[in-house]
There are 2 protein chains.
Amino acid sequence: MAAPFIKPRVPRGMRDILPEQMIPRQYVIGVIREVFEEFGFEPLQTPALELSEVLTGKYGPDAEKLIYQAGHVGGKEDISLRYDLSVPLCRVIAMYPQLPKPFKRYQIDPVWRAERPQKGRYRQFFQCDADTVGSESMLADAENVNLVYQVLTRLGFKQFEVNINDRKLITGIGQFAGVPTEQLGGLYRSIDKLDKIGLAGVRSELTENQIPEPVIEKLLVLLEIEGDAETVLNALSEQLDEFEVAREGISELEELIGYLTIFGVPEEFYKVNVAMVRGLEYYTGPIYETVVEEPKIGSITGGGRYDELIGSFSRQGHPATGTSFGIERIIDVMEEFDMFPSTVGKTVTEVLVTVFDADLASESLKVATLLRQSGIRTEVYSRPTRIGTQMKYADTKGIPYAVILGSEEVEAGTVVVRNLANREQHIVPRAELVEKIKELSASVT
Amino acid sequence: MAAPFIKPRVPRGMRDILPEQMIPRQYVIGVIREVFEEFGFEPLQTPALELSEVLTGKYGPDAEKLIYQAGHVGGKEDISLRYDLSVPLCRVIAMYPQLPKPFKRYQIDPVWRAERPQKGRYRQFFQCDADTVGSESMLADAENVNLVYQVLTRLGFKQFEVNINDRKLITGIGQFAGVPTEQLGGLYRSIDKLDKIGLAGVRSELTENQIPEPVIEKLLVLLEIEGDAETVLNALSEQLDEFEVAREGISELEELIGYLTIFGVPEEFYKVNVAMVRGLEYYTGPIYETVVEEPKIGSITGGGRYDELIGSFSRQGHPATGTSFGIERIIDVMEEFDMFPSTVGKTVTEVLVTVFDADLASESLKVATLLRQSGIRTEVYSRPTRIGTQMKYADTKGIPYAVILGSEEVEAGTVVVRNLANREQHIVPRAELVEKIKELSASVT
């Protein structure tokens, strides 16, 4: 009687993360959490579902179309799946005024966006954010950049660059160029492509967009500035001195970079890049975005200051700044460059204890308990069958060691330890098993 | 210009988990994960959204009404938020036939149910499941009960009882009582209340439900059996010997309990309880549920064998068994009985480094970096202000230590370490700061 069955599928743009992918993922999230907490960021969790009115008007009309709606039988509220973690944070700040400020929180959780799925882009993905609410000081922004440096370094990244800019500086550049407000968006979109299309490309894009030639010349002078942060900021100061908002932006960046130096973040890992704009509308001050040279994968972290967003939920506004880690891309880079430590394998299991037959099962269970009591991650093969099948299972899964107890071993009080990688076998007294496994593992790492 | 603003609220039945609650929560989840991995369960993550057809017909009509639907502009699929983690697991098994069996996975993730909210019951809550797919052996069920024992013991539970029963035994009891199939549901619902309403209560419920007096007498004989697992199973054997399905159930339980003894699970922590039924329709073999005496909070873990559920997704069925931890209730119990270790505080932060003023900020940042490099979780007060305000902040948050650097200390190369709990202050050379913090922390724990 074959029952009718449902074809097992997931919705478009969704995916399962199988154990082999979850293990490196948990490692990355674990390192990030560790650094977040080392910086004094506290965990927060908001519900996946928010009232739609909380999300409306925050992300711009194009983004808003990507929000998932939700509902249930008899439900009267208009609810949505969260689109990011920043807007829910702002709601939390407004809802719990008693939270001490500065409020430093992190959240590592999925968000949902009905974007067109493509390679490496899913409709559910994790965001991984650290934010500080209630400090207008550049110290909080410097902490964000320092956090990026510490996380990436601890994950083993050797080559990355945090691009730093300031929304006030961008506004000032618009004034400097004398571009009317309605053209500003197009102007910045062109400038933002500098890294991709080069100076000549930006020039022709601006010409196409009917930016007057003298304005283009002025802009190119700014975009051509190169050098370390201090050099760039000095040159910008000279050019933009008469624009107050630009001066403010420059002075914010000077302060931020001063703190970075004190924190000991090496200069090679950041630069001032006036062509880096970032998409989200709500930024108001410094913005930062990390790129890697190889592979060409876009930014792996992004963030900035958004002093006005909380004001949309609360008459009492709060300055705020944060940064976000693109863990999906970070994992991609780490996989491409084989950056995971050897302890991060295909499986969490260190030892498979085989079960010879039903009669000898009890001895296997005792040995498993012994190993687990020493913190060694141990699976008992839960379905007595041929030892060959059990070995094949361990091999397929990538379990490093198998422990075999046949009747001879049980009688002699010994076990056989098999190293699945090199096929070596060791007969050891049961009392020495834990030591032996530890010794073998240590020699690999 | 006060902008119009949105009242900050969450949808009905939803909640935010603020840092003070997240910290104990992360501790509990961390311990559970550690034990899961020690048993060789591997992490799996399925998307929050599933095709509705995957969920339909699995939970019974009443439960099905509680499922949240989801959708987006232009979306053509009928999608829902997951209702549990078991059905998505079955989908995964059917979708990736290449996964080696036995497949042992855990998943700790939220699920959504539009139940009437009440104290302690939310419409988003975490499930925390470990399952083994592909083993028909009672060894896998015994591992589940052993897992419950290990997790609860490691969390500090001293008093709990895993009630163990078997669906086959329940079916056999129905045959023994001679109850027609259409009355079986009502019969089991009454029996399931034994712990709450006692034998007399069950008797009068059965009478009300028009179960014939001789049947009630027969049932009460079974329900009156008391004693350790062996005694109960022997007595059941005598009574139910002529019912094959009951014999099968009893023999499964004998085997399961035999393994528990070998695993060294003490007898005081489990019992055979034929009155424990469990709600979910898909169970086929042993079932288990953990209760605590105090507080009266219902079951804190539940699980069992469901050999036929995967067959609804795949022509090739697979035996499966698993157990689930009710982390919300576990946390409630642990809070009520103050079971969290002293290291699990109100904040993750161990040290607040104060910032005296803008001029001295750089010294504070250097000290913060020093502490972080030693793995000490350190917040820099990111908004230079009066030291009194900073101390009050540390106090409110429950940060154990503050480090103060005024001009005197900077000149002398020292820092002041203040213990916020007892108000003691220590002046220490900067080079000895890390040691001092470690020493102070060690003396507390």
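In this predicted model, a search of the whole structure finds 4 cavities of 30 Å³ or more.

The lining of the largest cavity takes in G13(A), M14(A), R15(A), I17(A), R25(A), Q124(A), F125(A), F126(A) and E328(A), together with Q45(B), T46(B) and P47(B). Strand 6 of chain A (residues 124–133) supplies the largest share of this lining, 3 residues.

Around the second largest cavity are Q45(A), T46(A) and P47(A), along with R15(B), I17(B), R25(B), Q124(B), F125(B), F126(B) and E328(B). Here the largest share of the lining, 3 residues, belongs to strand 6 of chain B (residues 124–133).

The other topic is a helix pair. Two packed helices are described by the angle between their axes and the distance between the axes. In chain B, the axes of helix 1 (residues 19–38) and helix 5 (residues 138–154) come within 10 Å and cross at roughly 140 degrees. The crossing of helix 1 of chain B with helix 5 of chain B is right-handed. On the side of helix 1 of chain B, the contact involves Y27(B), V31(B), I32(B), E34(B), V35(B), F36(B) and E38(B). These meet L147(B), Q150(B), V151(B) and R154(B) of helix 5 of chain B. By class, the residues of this contact are 7 nonpolar, 1 polar and 3 charged.

Technical notes:
Residues numbered from 1 in each chain as written. Chains lettered and ligands numbered in written order. Predicted model: local features only at pLDDT ≥ 70, side-chain atom pairs only at ≥ 80, totals over all residues. Heavy atoms only, no water. Axes fitted to C-alpha atoms, helices over the stretch in contact; angles between N-to-C directions. Helix = DSSP H or I, 4+ residues; strand = E, 2+ residues; numbered from the N terminus. Left-handed = near helix turned anticlockwise from the far one by under 90°. Contact = heavy atoms within 4.5 Å. Nonpolar A, V, L, I, M, F, W, Y, C, P; charged D, E, K, R; others polar. 1 Å grid on protein atoms, 1.4 Å probe; cavity = no way out; pocket = protein on both sides within 12 Å on 5 of 7 lines; lining within 4 Å. Points joined across faces, edges and corners; volume = space filled by probe spheres on them.
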